[in-house]
Amino acid sequence: MIARRVAPDEPALVSWGQFTAGSVNNVIPHTAHIKASVRSRNPQVRTDMERMIRDIIKHVCAMYGAEYDLDFQKGYGSVINSKEQTDQVIDAAREVVGEERMYPMPPLMAGEDFSAYPNVRPGTFFGLGSGLAVDGYEFINHHPKFIVDEACMPVGSAMFVRLVENSLK
């Protein structure tokens with residue numbers, strides 16, 4: 001679907017994460033439940049993907065005489081960072097940790113509740129490093145084995161204090 005109907009330069013993803021049907025191996029199940037996650041950084045592409053999914057389900061079910069019930073829930077949108085706030089975070093990070101400890105964050109396809117904040121007031125999302133894999137911190141957040149290196153907490157606090165101090169200048 002994505003390869004044929006979404007522009008190749010537009011990041012888009014459909015992850016079919018759950019497919020549950022039947023309870024034994026020798027009986028064709030009467031129902032199936034499928035769950036997926038849809039992600040894109042472009043709100044229009046995200047809307048188009050919902051329409052595409054609806055169309056595909058409708059036509060496949062019609063072809064086989066099946067019925068369906070689609071509950072498409074829109075989760076959090078893309079985080080759209082404000083350039084001004086991003087520049088402020090970069091300046092604060094230079095002051096708090098120094099240029100040599102700063103790393104650019106690549107664009108992500110993650111769902112993030114922070115995405116709602118810039119709809120109310122300009123903002124930016126930044127990551128705070130929390131340990132190295134060689135020290136036992138090998139899993140990222142949202143992974144079941146993720147643990148945070150609490151030594152990063154003073155750095156995070158210092159970042160927010162510096163952002164407030166700089167905004168008061």
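Salt bridges and exposure in a predicted model

The protein has a radius of gyration of 22 Å, whereas a compact globule of 169 residues would have one near 15 Å; the radius is taken over C-alpha atoms, and the globule rule is 2.2 Å times the number of residues to the power 0.38. This is a predicted model, in which local features need pLDDT of at least 70, side-chain atom pairs count only at pLDDT 80 or more, and totals for chains, interfaces and linings use all residues. Residues are numbered from 1 along each chain as its sequence is written, and side-chain values use heavy atoms, with hydrogens and water left out.

Q: Why is the pair Lys83 and Asp87 called a salt bridge?
A: A salt bridge needs a side-chain nitrogen of Lys or Arg within 4 Å of a carboxyl oxygen of Asp or Glu. The closest N and O atoms of Lys83 and Asp87 are 2.9 Å apart, so the pair forms a salt bridge.

Q: Why is Lys83 called exposed?
A: Exposed means over 50% relative accessible area, buried under 20%, and partly exposed in between (1.4 Å probe, protein chains only). Lys83 has 62% relative accessibility and therefore counts as exposed.

Q: What makes Asp87 partly exposed?
A: The relative accessible area of Asp87 is 32%, so Asp87 is partly exposed.

Q: What makes Glu165 and Arg162 a salt bridge?
A: Their side chains meet at 3.2 Å, N to O. Glu165 and Arg162 are three residues apart in helix α4 (residues 153–167), about one helical turn; helices are DSSP runs (H or I, at least four residues), numbered from the N terminus.

Key. Helix = DSSP H or I, 4+ residues; strand = E, 2+ residues; numbered from the N terminus.
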